[in-house]
Amino acid sequence: MSKVTCDVIKDLIPLYVDDVLSEDSKKIVDEHLEGCAGCSDYYKRLKEPDDFTEREDKESEPVKDITDDDKKVIQGIRKNIRSKKVRTAIITALCIIASVIGLFYFVVVREIYIPFQRSGIYFNKDEMRTEEMFYRSYGVYTPNGKECYVYLTTTLYTNLTQYYSEAKIKEVSDQGISKELPYLDYNYEEGFSCKKIYYVNKEAAKKLGRGDYMNMTESDIEELKNSSMLIWENIE
């Protein structure tokens with residue numbers, strides 16, 4: 001390749017000052033500046049313009065015509081710069097999108113198990129209620145309908161909004177559990193007479209939330225009972 005002319009170097013110097021050239025292009029500019037006083041002066045004017053406001057322009061070396069090889073060098077450098085900018089923009093956009101999705105999931109979607117001690121659950125006549133904030137309630141009946149296992153969840157968004165609930169979680173009379181309450185996933189059938197309500201621990205709640213106890217066996221009932229706290233019983 002022929003020697004790179006001053007015109008090519010002067011086209012590259014603004015990019016050189018902004019530090020957006022590739023390492024190979026920087027090397028070409030460095031080598032030229034070491035032996036060219038005119039281009040060195042031009043570089044200093046761009047880098048530190050205030051130092052040259054009172055000085056006269058120096059004569060640069062005679063400008064030579066840009067050769068085809070020089071044009072190819074410039075085109076290659078500009079193409080590399082454009083490609084880097086496009087890649088950087090795409091990567092930045094993907095990172096922003098991933099961050100927004102992750103933040104939305106972490107704050108709004110991800111459910112957090114509420115221990116019974118923090119659930120605020122109390123019983124008022126034939127209703128189980130809570131004055132604490134909760135996002136969703138889950139539960140499941142035993143096949144005979146005599147026992148019900150429940151738990152509550154919250155989210156960071158629910159906590160941050162400071163929403164006051166005093167929500168009725170469920171009916172607990174011996175006529176059964178209300179089917180009208182949203183967010184409950186009980187195996188309800190007409191004629192059930194619930195006698196006991198248990199609040200499950202965190203590990204059991206994971207299984208219940210996945211639906212592992214929808215087709216409940218005797219061993220499932222025993223496992224749930226050992227992992228839960230009795231919070232209501234119909235003693236009539």
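Predicted model: local features only at pLDDT ≥ 70, side-chain atom pairs only at ≥ 80, totals over all residues.
Q: Which side chain meets that of Asp41 in a salt bridge?
A: Side chains of opposite charge can pair when their charged atoms come close. A salt bridge requires a side-chain nitrogen of Lys or Arg within 4 Å of a carboxyl oxygen of Asp or Glu, and here the N to O distance is 2.8 Å. The partner that meets Asp41 in this way is Arg45.

Q: Which helix holds both Arg45 and Asp41?
A: These two residues are four residues apart, about one turn of the helix that holds them. Arg45 also counts as buried, at 18% relative accessibility. The helix, which covers residues 37-47, is H3.

Q: How many Å separate the closest N and O atoms of Glu147 and Lys225?
A: Glu147 and Lys225 form a salt bridge, and this pair links distant parts of the chain, with Glu147 in strand E5 (residues 147-154) and Lys225 in helix H8 (residues 218-226), 78 residues apart. Glu147 is buried, with a relative accessible area of 11%, whereas Lys225 counts as partly exposed at 31% relative accessibility. The closest N and O atoms of the pair are apart by 3.2 Å.

Q: Which residue's side chain meets that of Lys207 in a salt bridge?
A: The N to O distance in this salt bridge is 2.7 Å, and the partner of Lys207 is Glu223. The pair links distant parts of the chain, since Lys207 lies in helix H7 (residues 202-210) and its partner in helix H8, 16 residues apart.

Q: How many salt bridges does the count come to?
A: The pair Arg45 and Asp41 is a salt bridge, and so is the pair Glu147 and Lys225. When the cut-off of 4 Å between nitrogen and oxygen is applied, the number of salt bridges comes to seven.

Q: What accessible area do Val86, Ile90, Leu94, Ile97 and Ile101 have together?
A: These residues form a nonpolar patch on the surface. Val86 is found in helix H4 (residues 68-109), and at 47% relative accessibility Val86 counts as partly exposed. Taken together, the residues of the patch have an accessible area of about 480 Å².

Q: How many disulfides does a search of the whole structure find?
A: A disulfide is a covalent bond between the sulfur atoms of two cysteines, and the cut-off used for such a pair is 2.5 Å. The sulfur of Cys39 has its closest cysteine sulfur in Cys36, but the distance is 3.5 Å, too far for a bond. Cys39 counts as buried at 0% relative accessibility, while Cys95 counts as partly exposed at 46%. The number of disulfides found in the whole structure is zero.

Q: How many aromatic pairs does the count come to?
A: The number of aromatic pairs comes to six. In the pair Tyr113 and Tyr199 the ring centres are 6.3 Å apart and the planes are at 50°, so this pair is tilted. The pair links distant parts of the chain, with Tyr113 in strand E1 (residues 112-114) and Tyr199 in strand E7 (residues 196-200), 86 residues apart. Both residues are buried, and the total number of aromatic pairs is six.

Q: How many Å lie centre to centre between Tyr138 and Tyr151?
A: Tyr138 and Tyr151 form a stacked aromatic pair, with 15° between the planes and 5.1 Å centre to centre. The pair links distant parts of the chain, with Tyr138 in strand E4 (residues 136-141) and Tyr151 in strand E5, 13 residues apart. Tyr138 counts as buried at 14% relative accessibility, and Tyr151 is buried with a relative accessible area of 5%. The distance from centre to centre is 5.1 Å.

How values were computed:
Residues numbered from 1 in each chain as written. Heavy atoms only, no water. Buried < 20%, exposed > 50% of the residue type's maximum accessible area, 1.4 Å probe, protein only. Patch = residues over 30% accessible without salt bridge, like charges linked within 9 Å, V, L, I, M, F, W, Y side chains within 5 Å. Areas by Shrake-Rupley, 256 points an atom, 1.4 Å probe, with all protein chains shown as cover. Phe/Tyr/Trp six-rings, centres within 6.5 Å; stacked < 30°, edge-to-face > 60°.
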